[in-house]
Amino acid sequence: MKINNQGFVESLALFSGNELRFDPQEFSGAKLTAVFGGIEIDLRNAVITKDCVIDIRVLFGGIDILLPENVKAKVNSAALFGGVSDKTNPKIQNDITVYISGFCMFGGVDIKHILKMNIKVLSHHLKNIIFL
């Protein structure tokens with residue numbers, strides 16, 4: 001994985017796996033390639049101040065992209081015997097957009113917002129489930 005001083009990252013997973021986390025770091029875009037491997041890029045705590053592009057290339061592998069709750073996603077991709085799944089919230093009302101483009105063959109890409117929940121709220125929900 002390479003990250004330049006402007007927050008652009010390049011990652012190649014070749015018969016391996018990569019986990020990329022931005023806590024809290026500037027993010028300005030990425031080029032992600034997974035060949036017989038996988039990449040998880042967690043941008044939930046990233047500092048995204050303007051529109052950016054994530055370029056994806058997948059062959060017999062997978063990429064998971066976890067976006068902050070306050071950015072929109074626009075996906076433009078092609079797939080052959082694979083798929084790209086946009087599970088983000090389409091009702092986001094922010095001007096900042098992450099554009100995701102690329103190609104997926106015999107693999108998969110998941111793009112999603114994961115809501116952050118603090119420990120206090122999580123423990124409350126778990127107690128309610130246990131005592132049902």
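These notebook entries record what I looked up in a predicted model.

**Conventions.** I number residues from 1 along each chain as its sequence is written, and my side-chain values use heavy atoms, with hydrogens and water left out.

**Entry 1: cavity.** Rolling a probe the size of a water molecule over the atoms shows where empty space is left. I took a cavity to be a set of points, on a 1 Å grid over the protein atoms alone, where a 1.4 Å probe fits but cannot get out. Grid points are joined across faces, edges and corners, and a volume is the space filled by probe spheres set on the points. The search returned 1 cavity of 30 Å³ or more. The largest cavity holds about 40 Å³. I listed its lining residues (those with an atom within 4 Å of a point): Glu 26, Phe 27, Ser 28, Ile 48, Thr 49, Lys 50, Asp 51 and Cys 52. By class, I find 3 nonpolar, 2 polar and 3 charged residues in this lining. In this scheme Ala, Val, Leu, Ile, Met, Phe, Trp, Tyr, Cys and Pro are nonpolar, Asp, Glu, Lys and Arg are charged, and the others, Gly among them, are polar.

**Entry 2: His 113.** His 113 counts as buried because its relative accessible area is 15% (buried is under 20%, exposed over 50%, partly exposed in between, with a 1.4 Å probe and protein chains only). Its side chain reaches the backbone oxygen of Pro 68 at 3.3 Å. Beyond its neighbours within four places in sequence, I noted contacts (heavy atoms within 4.5 Å) of His 113 with residues including Leu 67, Glu 69, Lys 87 and Ile 92.

**Entry 3: Leu 12.** I placed Leu 12 in strand β2, residues 8-14. Leu 12 is exposed, at 52% relative accessibility. With neighbours within four places set aside, Leu 12 contacts Asn 18 and Thr 33. Leu 12 and Leu 32 are 20 residues apart along the chain, and their C-alpha atoms are separated by 6.2 Å.

**Entry 4: Pro 90.** I found Pro 90 in the loop between β9 (83-87) and β10 (97-105). Pro 90 is exposed, with a relative accessible area of 75%. From Pro 90 to Lys 74, 16 residues apart in sequence, the C-alpha to C-alpha distance is 9.5 Å.

Key
Predicted model: local features only at pLDDT ≥ 70, side-chain atom pairs only at ≥ 80, totals over all residues. 1 Å grid on protein atoms, 1.4 Å probe; cavity = no way out; pocket = protein on both sides within 12 Å on 5 of 7 lines; lining within 4 Å. Helix = DSSP H or I, 4+ residues; strand = E, 2+ residues; numbered from the N terminus. Polar contact = N/O pair within 3.5 Å; in protein donor to acceptor, adjacent residues only side chain to side chain.
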